[in-house]
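Student: I am new to this structure. Please take me through one part of it closely, and then show me what else is worth a look.

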Amino acid sequence: MFLRYQASLFILLLILLNGCTQQSLPISKKPNVLFILVDDLGLVDLGITGSTFYETPNIDKLAKEGMIFTQGYAASRVCSPSRASIMTGKFTARHGITDWIGAKSGKAWGELGRHDKLLPADYVHNLPKKEITLAEAFKKNGYKTFFAGKWHLGQEGSYPEDHGFDINVGGWDKGSPIGGYFSPWENPKLDNKVDGENLSLRLARETSSFIEKHKDSIFFAFLSFYAVHGPIQTNKGLWKKYREKAVQSGIAAKGYGMERVLPIRQVQDNPIYAGLVAKMDEAVGVVLNTLRNHGLEENTIVIFTSDNGGVASGDNFSTTNLPLRGGKGYQWEGGIREPYFIKVPWIENKGLENQFPVTGTDFYPTILDLVDANLLPNQHVDGISLRPLLEGKEIKLNRPLFWHYPHYGNQGGNPSSIIQKNGWKLIHYWEDGRDELYNVYTDIGEQNNLSKKFPDRVLSLRSELLSWLKEVNAKTPSVDERFDAKLAAARREEIINQKLPALEKERLLLLSEDFKPNPDWWGSQLMKD
């Protein structure tokens with residue numbers, strides 16, 4: 001009798017323990033999804049990925065709670081194409097948005113006085129209506145959909161609300177924060193409430209408000225920061241903190257080197273950019289705390305990534321991506337390799353690193369798979385579900401990754417197309433048809449061009465790349481008959497002799513004790529934030 005009683009208690013205990021385990025799984029309803037996209041954030045702009053200057057405790061914590069993909073790539077070296085690939089699950093040459101929307105192409109580019117050899121190809125200027133976006137897929141699965149922040153995927157009529165988002169806060173055709181990072185800003189989709197309010201925090205609060213209102217339903221929230229895109233701005237307190245940190249670390253005598261076209265930043269010591277990164281990280285913390293405070297943390301998938309590399313040349317010369325070569329706009333790893341974190345609370349992979357090469361097109365099928373929704377293989381044709389990797393399994397797939405940028409970047413990049421396969425990366429340049437070959441597994445800084453050493457591999461990869469571009473009807477640049485080599489050489493001399501010294505002077509100015517951009521620090525002193 002006693003033995004039977006003990007056995008009954010043991011069975012009951014097993015049932016209770018099993019029930020307790022299952023409570024941590026999303027069995028009562030489908031999981032929520034929070035997608036966090038940062039603009040222009042470089043791979044090493046986070047503490048978790050190697051920065052010793054910038055401080056990002058909230059993002060670092062998030063990364064440690066999920067899987068860290070060490071070979072995570074954006075689908076493009078600039079913003080609009082990369083964002084379109086996240087929304088469609090297609091590589092840029094396939095959906096046609098190959099440059100940031102608003103960039104000049106064709107003869108219009110030739111009129112900018114850049115003296116380049118080619119006229120950039122034309123590109124699609126609005127996210128095509130025929131695409132079933134990630135948001136539309138979630139709507140069909142009963143999710144409430146929300147977008148906050150930077151959109152930059154077309155003019156009015158091609159805004160977030162036109163592509164599956166129930167609510168749009170701050171998303172329109174502009175790619176930078178018009179009016180700056182402190183209210184009053186100029187954004188028809190985001191009203192001004194309090195002068196001096198920080199833009200990143202405002203977007204976080206709007207996202208938190210949406211989550212609070214829909215905590216009892218299922219939601220897909222896409223928080224797309226304008227940060228850390230230029231114009232880089234911060235408040236006096238954060239500038240002072242990071243200025244002192246730079247001084248204590250020892251200010252390098254030289255902050256820039258010369259890349260092929262433009263100077264490129266070599267050190268992370270910009271206190272304004274550091275403050276901008278810090279405030280973005282604080283905003284991430286606001287939203288993650290909202291999930292936690294409402295008991296949603298264990299039932300919400302969180303994704304974190306960037307749309308392209310950090311701005312090391314052109315724009316604001318904000319950061320360095322070393323040991324990666326290049327940055328935003330460049331064809332090298334610094335332009336396309338990104339922070340890439342996926343947190344699935346009910347899968348035990350906290351802080352694990354995965355070296356399988358993944359890209360922006362993979363988010364679409366991965367998220368659908370994680371919420372047990374039907375995949376749409378005819379839509380996300382260039383993406384694969386990463387669920388097996390997240391669950392500790394392998395994906396035995398020898399797939400090539402493709403990039404196509406038939407344009408000149410504002411940052412110094414060249415018109416080129418890329419294939420990466422098994423760590424071998426071939427860059428095909430459209431100016432002269434030359435190729436560079438790197439093994440990014442052993443040469444992350446892309447310093448050793450192996451094209452002459454492995455001509456057969458070059459031939460094979462180039463053939464595969466060009467065949468794929470032909471298959472998707474990719475557009476290519478054309479020759480500019482007005483190109484003048486002497487004018488191009490003169491421009492380069494001006495950059496070296498005038499631009500480079502001016503940048504070094506400006507860098508030291510930002511680190512000087514009496515630096516002051518204007519009386520109210522871009523409006524930040526209008527409100528204590």
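Where is Asp307 found?

Tutor: Asp307 is found in the loop between β10 and α10 (333-336). Helices (H or I, at least four residues) and strands (E, at least two) are DSSP runs, numbered from the N terminus. This is a predicted model, in which local features need pLDDT of at least 70, side-chain atom pairs count only at pLDDT 80 or more, and totals for chains, interfaces and linings use all residues. Residues are numbered from 1 along each chain as its sequence is written, and side-chain values use heavy atoms, without hydrogens or water.

Start with Asp307 itself. Its relative accessible area is 0%, so Asp307 is buried. Buried means under 20% relative accessible area, exposed over 50%, and partly exposed in between (1.4 Å probe, protein chains only). Contact here means heavy atoms within 4.5 Å. With Arg83 there is also a polar contact, side chain to side chain, at 3.0 Å. A polar contact is a pair of N or O atoms within 3.5 Å; within protein, one must be able to donate a hydrogen and the other to accept it, and residues adjacent in sequence count only if both atoms are side-chain atoms.

Now step back to the strand. β10 covers residues 300-306, and seven of its seven residues are buried. In a regular strand the side chains alternate between the two faces of the sheet. On one side of β10 sit Thr300, Val302, Phe304 and Ser306. On the other sit Ile301, Ile303 and Thr305, and both faces are covered.

β10 has partners. Two strands pair if DSSP finds at least two bridges between them. Strand β1 (residues 32-38) pairs with β10 in the parallel sense, over seven bridges. Leu34 has Val302 as its bridge partner in β10. Strand β11 (residues 340-343) runs antiparallel to β10, with four bridges. There, Ile303 stands opposite Ile342.

Next, look further along the chain. Lys421 has Trp424 as its bridge partner in β16. Strand β15 (residues 416-421) and strand β16 (residues 424-429) run antiparallel, joined by six bridges. They belong to an open sheet of four strands, in the order β14-β15-β16-β17, with antiparallel pairing. Its edge strands, β14 (401-405) and β17 (435-439), each pair on one side only.

Finally, turn to a pair of helices. Ser200 is found in helix α7 (residues 199-213). Ser200 counts as buried because its relative accessibility is 2%. Leaving out neighbours within four places in sequence, Ser200 is in contact with Phe225, Ala227, Lys279, Met280 and Ala283. The axes of α7 and helix α9 (residues 271-293) come within 8 Å and cross at roughly 10°. Axes are lines fitted to C-alpha atoms, for helices over the stretch in contact, and angles run from 0 to 180 degrees between N-to-C directions. The two helices are therefore roughly parallel to each other. Angles under 35 degrees count as roughly parallel, over 145 as roughly antiparallel, 65 to 115 as roughly perpendicular and the rest as oblique.
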